[in-house]
Amino acid sequence: RGTMKSLRFISAEAFVSNAEFARKSLGGVAHNLFPLLFKASYLLEQGEVIHDLVKNWPLADFNIGKLLGTTVDYQEDLSHRTCSVCLESCLTGLRDYVLNHSSPYMKRLKVVDLTGIKDVEVQFCECKKRMGRWTRTQLLSKLCLELLVYLQQTQCNPGTSEISIDVLIDLYVTERNYELVVQALLKKCYCPLKICCVAFRSDNLALQKFFYIIKLTDPSSLRKLEIVHNVRLEMEHLEILFNSIHFPLLMSLTLPARTFNVRRFTDADEGILTNIGEKMGEMTQLTELSISFSILTGRIRKLLSPLKTPLKMLDVSNCSLNHADMAYLANSFHANHLEALDLSGHNIHDLYPSTFFKLLSHSSSVLRSLTLEDCNIQDTHLNMLILSLSPCQKLQEFKFIGNPLSSQALKQLFIFLCELPMLKTVEFPVPRDCYPTSITYPIDDASLCRFDQRKYESVAEELNLILLQANREDVKASTPLFGSYDAAVEETNNELGAYLIKSFKETLEKFTTSL
């Protein structure tokens with residue numbers, strides 16, 4: 001069982017549960033027991049013990065994902081616990097490791113990997129306070145700068161200057177923490193803790209600042225690049241980015257909404273799109289691409305055909321794809337490798353039912369996640385949908401909120417979904433018959449909550465009963481009205497909200513002036 005603890009782990013819990021005793025006794029603990037004690041301390045949220053374990057870490061590497069993941073002594077994976085107490089203790093312990101006065105030859109630590117932390121919606125830690133990716137970026141940058149200042153002002157052990165530890169992290173930069181992160185990256189070569197950016201996410205940032213900081217991250221080592229929401233990157237800027245910076249190890253690329261808009265294309269723009277496709281083709285590791293909310297009608301082939309590696313994840317939601325685009329996807333070499341696919345915002349069953357069926361049949365042997373939100377899937381399309389999904393026996397996640405399906409149709413669909421052996425997550429729409437008859441699809445935000453709550457709860461209960469009767473309690477079914485949880489957006493929503501209000505105010509002022 002996943003929660004089984006070995007005698008060693010139970011002993012480790014007993015040892016760290018008395019923080020004062022544990023901290024005093026660390027000097028006599030065998031080096032190979034430090035990982036065990038770290039996981040036990042993390043589970044019990046013993047911040048002071050975590051700090052001292054990291055401060056005296058005797059091993060050459062510290063990989064938080066492996067330390068908190070499934071282990072022989074305790075199989076439960078704790079890497080999704082972004083507990084603020086534990087993570088802050090970890091990072092301050094790392095700073096104090098550098099300043100620890102024990103002999104320099106005892107310091108073996110060379111690599112710290114913080115990338116294994118998983119940000120999730122529900123926190124199981126006692127403090128209930130999470131430390132998200134943005135805050136981890138902020139805190140590590142702050143600690144690096146504080147460390148530099150301290151080393152400059154204090155007469156330290158001569159061996160301290162020889163310490164060099166690569167700290168692998170997924171950075172998340174917005175306007176609010178930009179200056180701090182820039183300073184930490186600029187002074188990286190002088191600091192014993194060297195920030196190594198593996199993944200970079202940018203939101204609410206001026207283009208000029210984005211171009212400056214991305215060069216500081218060492219793009220040649222970057223595996224994942226997310227440019228989202230309030231970074232006004234358009235196609236010509238993307239071409240400049242790809243022409244001036246090389247991303248040889250990039251595996252995942254997310255571009256902001258409206259990066260592409262073929263409705264206002266000129267001949268020059270066609271050339272830019274071709275160049276972008278060729279530059280992406282040079283990224284031989286690229287297997288994940290998200291280009292949602294761009295207008296790419298008839299241009300998917302031009303963008304994706306230069307890729308030399310098949311895509312495993314593709315998000316083309318709300319990209320106004322036409323039949324030619326869908327036909328290319330269904331027949332391309334990507335189709336047989338797609339593990340995650342998002343086609344939201346496309347009227348798939350009316351515009352290209354046969355090519356959609358073909359695409360799913362080609363990807364069925366590997367497809368794990370399928371998102372079809374706001375696709376105008378109606379009761380009349382139900383049999384076709386079930387037929388398309390039938391071969392997808394490895395499907396783990398199916399999201400289809402925003403579709404005008406009746407309660408009866410949802411029940412039929414759930415009976416079928418019980419037959420998909422690996423299914424774990426279903427996001428289903430509020431049934432059409434729960435809304436007033438005057439409602440039109442896609443439903444605008446103002447009308448989204450105007451449904452019969454009691455009727456919906458009754459239907460949801462019936463759907464869960466279908467799962468229960470089929471012994472599928474392992475499937476989590478829900479209706480997130482405003483979309484799936486996004487840890488990064490959740491953490492910075494105050495800043496992003498303030499930015500949107502400011503932008504709206506500026507637009508109104510310009511409009512008033514023009515009047």
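Where is R299 found? I looked this up first, and R299 sits in the loop between β7 (288-290) and α12 (300-304), with helices (H or I, at least four residues) and strands (E, at least two) taken as DSSP runs numbered from the N terminus.

Before going on, I noted that this is a predicted model, in which local features need pLDDT of at least 70, side-chain atom pairs count only at pLDDT 80 or more, and totals for chains, interfaces and linings use all residues. Residues are numbered from 1 along each chain as its sequence is written, and side-chain values use heavy atoms, with hydrogens and water left out.

**Around R299.** I found a polar contact of 2.6 Å between the side chains of R299 and E270; the term stands for a pair of N or O atoms within 3.5 Å, where, within protein, one must be able to donate a hydrogen and the other to accept it, and residues adjacent in sequence count only if both atoms are side-chain atoms. Not counting residues up to four places away in sequence, R299 touches V262, F265, E270, L273 and D325, contact being heavy atoms within 4.5 Å.

**Helix α1.** In α1 (residues 7-17) I listed F9, A12, E13, F15 and V16 as buried, while L7 and A14 on the other side are exposed; buried is under 20% relative accessible area, exposed over 50%, and partly exposed in between (1.4 Å probe, protein chains only). Seen down the axis, the buried residues of α1 fall within an arc of 165°, so they line one face of the helix; the arc is that of the directions from the helix axis to the C-beta atoms. Their cover includes α2 (19-25), α3 (34-44) and α4 (47-55).

**The core.** Of its 159 residues, F38 and F398 touch the most other members. Helix α6 (residues 84-99) gives the largest share, eight residues. Domain 1 (7-131) and domain 2 (365-482) both contribute residues, so this core lies between them; the domain bounds come from an automatic or database domain assignment. I also noted that the C-alpha centres of the two domains lie 41 Å apart.

**Cysteines.** Searching the whole structure, I found zero disulfides (a pair of cysteine sulfur atoms within 2.5 Å). For C197, the nearest cysteine sulfur, that of C196, is 9.1 Å away. C197 is buried, with a relative accessible area of 4%.

Notes:
A nonpolar core is a set of buried Ala, Val, Leu, Ile, Met, Phe, Trp, Tyr and Cys residues joined through side-chain atoms within 4.5 Å.
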